Amino acid sequence: MKIVFATHNQHKKEEAAAILGSQWELLALPDIGCLTEIPETADTLMGNAIQKAQYVFQHYHTNCFADDTGLEIEALGGRPGVYSARYAGEGCSYNDNVQKVLREMQGLTNRKACFKTVVTLILDGREYYFEGRVDGQMLTEPRGTAGFGYDPIFLPDGYDQSFAEMDASLKNSISHRGRAMRKLVEFLNNR
Ligand code: IMP
């Protein structure tokens with residue numbers, strides 16, 4: 001059965017395909033000819049995930065799902081949160097965001113943080129939600145080169161490697177997105 005992941009990100013598509021298994025034909029936005037950047041203007045992760053899934057459903061009339069992720073740092077009052085992608089400003093790089101967080105956290109001893117992902121599924125016109133979370137600590141300097149985003153400065157609880165020092169399969173097995181995606185897949189495979 002065909003299902004569309006509302007993302008342009010090939011890395012995310014591959015990650016989802018590995019979890020979904022072969023009974024699903026997974027398509028990303030470029031595969032269905034959608035080249036526009038879908039607006040993400042809500043002020044919550046769930047709002048953005050719904051916005052993206054509804055856009056695909058309304059324009060392409062297909063079963064689909066979308067995700068949105070945020071890094072919430074306790075000592076920064078939950079920032080960058082829903083603004084994680086563009087924390088250092090429009091057009092910023094992953095490293096700009098990392099440097100901004102490190103600057104803002106300079107001297108802070110409370111390093112607690114978590115990543116949260118919300119996945120919204122629209123299946124036969126009905127909406128469903130799945131959440132994943134991983135808790136950890138913000139490092140004081142970047143470690144590792146794998147992954148993306150804030151991976152080099154996030155140390156998941158119970159591990160002594162940052163996300164950027166882990167191989168992808170270990171990261172996926174404990175990450176916010178991996179957890180939310182596995183809930184989605186369990187739902188799809190058992191309905
Ligand atoms: P998105 O909603 O998945 O596009 O994520 C928003 C932003 O959160 C990204 O641009 C990254 O900066 C950050 N982010 C999302 N997932 C991860 C992750 O697995 N590791 C590190 N940063 C992430």
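**Figure 1. Secondary structure of the protein chain in a predicted model.** The protein chain comprises 5 helices and 7 strands, where helices (H or I, at least four residues) and strands (E, at least two) are DSSP runs numbered from the N terminus. Along the sequence, these elements follow the pattern β-α-β-α-β-β-α-β-β-β-α-α. The model is predicted, so local features need pLDDT of at least 70 and side-chain atom pairs count only at pLDDT 80 or more, while totals for chains, interfaces and linings use all residues. Residues are numbered from 1 along each chain as its sequence is written, and side-chain values use heavy atoms, with hydrogens and water left out.

Figure 2. The C-alpha trace spans about 50 × 30 × 25 Å along its principal axes. The radius of gyration, taken over C-alpha atoms, is compared with a globule rule of 2.2 Å times the number of residues to the power 0.38. For 191 residues a compact globule would have a value near 16 Å, and the 17 Å of the protein chain agrees with this. Of the 191 residues, 45% count as buried; buried means under 20% relative accessible area, exposed over 50%, and partly exposed in between (1.4 Å probe, protein chains only). Among contacts (heavy atoms within 4.5 Å) with a separation of 6 or more, 53% join residues 24 or more positions apart.

**Figure 3. Packing of helix α1 against helix α5.** Helix α1 (residues 10-20) and helix α5 (residues 176-190) pack at an angle of about 45°, with their axes 9 Å apart. This angle makes α1 oblique to α5; angles under 35 degrees count as roughly parallel, over 145 as roughly antiparallel, 65 to 115 as roughly perpendicular and the rest as oblique. Axes are lines fitted to C-alpha atoms, for helices over the stretch in contact, and angles run from 0 to 180 degrees between N-to-C directions. From α1, Lys 12, Glu 15, Ala 16, Ile 19 and Leu 20 meet Arg 177, Gly 178, Met 181, Arg 182, Val 185, Leu 188 and Asn 189 of α5.

Figure 4. Thr 120 lies in strand β5 (residues 112-123) and is buried, with a relative accessible area of 0%. Beyond its neighbours within four places in sequence, Thr 120 contacts residues including Met 46, Ile 50, Phe 65, Tyr 128 and Tyr 129.

**Figure 5. Position of Arg 126 in strand β6.** Arg 126 belongs to strand β6 (residues 126-138) and is exposed, with a relative accessible area of 55%. Between Arg 126 and Ser 169 there are 31 Å in space, C-alpha to C-alpha, and 43 residues in sequence.
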